[in-house]
Amino acid sequence: MRSIKTFARDILKKPPVIFPWVALFHIVMLVFQLWLYHDSPFPSKDWLQPGWMLVYTIAWLYVCDMRKWAALLYIALSMGNLVLYLYTVNTHISPYYSPIYLIDMLFSFFLLFYYKRFD
């Protein structure tokens with residue numbers, strides 16, 4: 001099992017330059033979502049937005065470690081998020097999908113472009 005220091009070094013050194021910047025973007029968005037919903041009671045539908053961001057952030061951190069399963073997980077999350085958005089766009093049920101679904105689709109295309117380099 002690797003230490004956190006080794007993991008942090010790997011997510012900065014292994015991937016292409018843009019991947020750690022995307023990880024930083026996900027972390028900033030997660031902190032923003034947590035700050036935005038910190039006054040809501042915890043077991044409520046408002047916490048679905050930070051939940052999406054937490055799962056996306058964890059998946060992208062492992063993408064930065066160049067794990068193929070993490071890339072597939074991130075792409076599957078993005079596709080599921082897009083399906084939820086298309087299903088709920090006319091019903092005005094906004095908490096069920098991530099607010100940055102279009103950006104996540106762009107990041108998924110980056111993953112598909114670099115997919116052969118993953119372990």
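Which side chains meet in a salt bridge with an N to O distance of 3.0 Å? They are the side chains of Arg-67 and Asp-65. The close-up views below come from a predicted model, in which local features need pLDDT of at least 70, side-chain atom pairs count only at pLDDT 80 or more, and totals for chains, interfaces and linings use all residues. Residues are numbered from 1 along each chain as its sequence is written, and side-chain values use heavy atoms, with hydrogens and water left out.

**View 1. The salt bridge between Lys-14 and Asp-65.** A salt bridge is a side-chain nitrogen of Lys or Arg within 4 Å of a carboxyl oxygen of Asp or Glu; by this rule there are two. In the pair of Lys-14 and Asp-65, the closest N and O atoms are 3.3 Å apart. This pair links distant parts of the chain, 51 residues apart: Lys-14 is in the loop between helix 1 (4–13) and helix 2, and Asp-65 is in the loop between helix 3 (48–64) and helix 4 (68–88). Helices are DSSP runs (H or I, at least four residues), numbered from the N terminus.

**View 2. The network around Asp-65.** Asp-65 is buried, at 0% relative accessible area, whereas Arg-67 is partly exposed at 29% and Lys-14 partly exposed at 34%. Buried means under 20% relative accessible area, exposed over 50%, and partly exposed in between (1.4 Å probe, protein chains only). Salt bridges that share partners join Lys-14, Asp-65 and Arg-67 into one network.

**View 3. The surroundings of His-26.** His-26 lies in helix 2 (residues 18–36) and is buried, with a relative accessible area of 0%. Beyond its neighbours within four places in sequence, His-26 is in contact (heavy atoms within 4.5 Å) with Met-53, Tyr-56, Thr-57, Trp-60, Tyr-74, Asp-104 and Phe-107.

Conventions
Helices (H or I, at least four residues) and strands (E, at least two) are DSSP runs, numbered from the N terminus.
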